[in-house]
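This report describes helix packing, domain layout and sheet pairing for the chain shown below.

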Amino acid sequence: MEESLKQVKEEGIEKIANTKDLEELEVVRKDLIGKKSKLSEVMQNMRNLSNDERKNVGILTTEIKNVFAEKLDEKAKELIDQKSVLDRPIDLSLPGKKVSEGALHPITQMKYDLNDAFLSLGFEVYSEDDISSEKYAFDNLNFAKDHPARQSMDTYWLEGTEDKEGAERLCLRPHLTGGSVRYLLKHGAPARFVYPGAVFRNETTDARHERAFYQYEALIVDKNISFSSGMVMIQTILEKVFGRKINTRMREGFFPFTEPGYEIDMECLVCGGKGCKVCNHNGWIEVMPGGVIHPNVLRSANLDPEEWTGFYINIGLDRLVMMRYGVDDVRLFHSADLRFLKEYK
Ligand SMILES: [Zn+2]
C-alpha cells in the first residue's frame, strides 16, 4: 500500500510539472486531489485496514495531498506569470475604476497659505527637528531655572537624559521658539523668517487643547523695528489668509522670551463674536501670542541688544483652521477620520 502511494506521489508531481496551461492544470487538480482522485479513494477505504496501517496510510496520504496542493499552486502562479497580459480577455465596455483623489489636510493647507502670505512679505521658511534640548527650549529663551514649563508635567523629556543638562537634556520641543535662536546663530541678523512645525505638551486634551499640535512662528530681527509695523504685518497676514478684514484686539501678555509681550485675539468666527465653547463664551479667541524679542534672547543668539531689535508672532495653526471652517472641536482635525476630513477637500 505504501509503495503504491509513493508511486502516486511521484506520478502526480510529474503530471503537474508537465502541465502546459491553466485549463489543463484544473483537470490535473481534480485528478490528483478531487473527490474522485486516487487519494480520496484510498482514504475512503481506510476503515478496512488494521489500526497500525490506518495510521501510517493516513499520515502518508495527508502529506501527499499537501505536497500536491502546494505544487499545484506554484504551477498556477508560474503559468499566470508566463501568460501575456494581452492574452487575458478585456471588456472595454466596463466602467473604469475611479481613483479617489487625495487632498491636503486643512492644517497643512493653512500652513501653506501662511507660507505664501509670509513669502510675499520677504520671509524665509525654516524648519527644525521635533527633538530639542533644555538649552534651546528654555536656557536660550530666558526661562528661569525654576519655570514651571520646564517640569515634566508640561514637557515630554526623553528617557535617559534626566541627569543631564542644557544641550544634552533632550525633550520633544514644547514650542517652536527655540528654533529662532538656532536660526539666528547660523544666519545672523538682519533676518525675517517663519518656522512652522508640530509641538508637544504633556497636557489633558479638551476642545481647544491637544498633546501635539501645530504652531507657526515668525520672527523679524532688524535695526529700528517699530511696534506699529508689527501690527500692520499681523493685519496683512490675517487678511491674506481669511480674504477679508478681521477684527483683532491686543492685550498684554507675558512670555519669558519677550519684553514686552502681548496676546493678539481675533473675533471668534465660529460664533461671530456672540460667544461659544471655542471662545470660552467671550467672543474673542487668542490666536497669536508674541512680543518684542527679549535682550537676553538676542544675547543667546550672539547679537547686541543695543544694536538689534525684533519681534515674534506665534500663530496657533489649529485655532486659525477652527476659525476658517467654524469647527468647534480641535480634536476632529487630528482624528484621521476621513469622513470628517473629506469635507475640507
Ligand atoms: Zn465663539
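Which residue stands opposite Gly 316 in β9? Gln 215 stands there.

This is a predicted model, in which local features need pLDDT of at least 70 and side-chain atom pairs count only at pLDDT 80 or more, while totals for chains, interfaces and linings use all residues. Residues are numbered from 1 along each chain as its sequence is written.

**Domains**

The domain assignment of the protein gives domain 1 as 2–87 and domain 2 as 106–344; such bounds come from an automatic or database domain assignment. Taken over C-alpha atoms, the centres of domain 1 and domain 2 are 69 Å apart. A separation of 75 Å lies between the C-alpha atoms of Met 233 and Leu 25, which are 208 residues apart along the chain. Met 233 is placed in helix α8 (residues 227–242). Met 233 counts as partly exposed because it has 19 C-beta neighbours inside 10 Å. On this scale a residue is buried if 20 or more other C-beta atoms lie within 10 Å of its own, exposed if 12 or fewer, and partly exposed in between, with C-beta atoms placed from the backbone.

**Helix packing on α4**

Helices (H or I, at least four residues) and strands (E, at least two) are DSSP runs, numbered from the N terminus. Axes are lines fitted to C-alpha atoms, for helices over the stretch in contact, and angles run from 0 to 180 degrees between N-to-C directions. The table gives the values for two helices against α4 (residues 51–82).

| Helix | Axes come within | Crossing angle, roughly |
|---|---|---|
| α1 (residues 2–17) | 10 Å | 5° |
| α2 (residues 22–33) | 11 Å | 175° |

The axes of α1 and α4 cross at roughly 5°, and that makes α1 roughly parallel to α4. The axes of α2 and α4 cross at roughly 175°, which makes α2 roughly antiparallel to α4. Angles under 35 degrees count as roughly parallel, over 145 as roughly antiparallel, 65 to 115 as roughly perpendicular and the rest as oblique.

Residues of α1 that meet α4 include Leu 5, Val 8, Ile 13 and Ile 16, and the α4 side includes Leu 60, Ile 64 and Phe 68. Contact here requires C-beta atoms, placed from the backbone, to lie within 7 Å. For α2, Leu 22, Leu 25, Arg 29, Leu 32 and Ile 33 meet residues of α4, among them Phe 68, Leu 72 and Leu 79. The contact of α2 with α4 divides into 9 nonpolar, no polar and 3 charged residues. Ala, Val, Leu, Ile, Met, Phe, Trp, Tyr, Cys and Pro count as nonpolar, Asp, Glu, Lys and Arg as charged, and the others, Gly among them, as polar.

**The sheet**

An open sheet of 7 strands has the order β1-β4-β5-β9-β8-β7-β6, with mixed pairing. Its edge strands, each pairing on one side only, are β1 (124–125) and β6 (248–253). Two strands pair if DSSP finds at least two bridges between them.

Strand β5 (residues 212–222) has 9 of its 11 residues buried, so β5 is largely enclosed by the rest of the structure. Antiparallel pairing joins β4 (residues 191–200) to β5 over 10 bridges, and Tyr 214 in β5 is the bridge partner of Ala 198. β5 also pairs with β9 (residues 309–316) in the antiparallel sense, over 8 bridges. Strand β8 (residues 284–293) runs antiparallel to β9 and is joined to it by 3 bridges; Val 292 has Phe 311 in β9 as its bridge partner.

Note on methods: Two residues are in contact if their C-beta atoms, placed from the backbone, lie within 7 Å.
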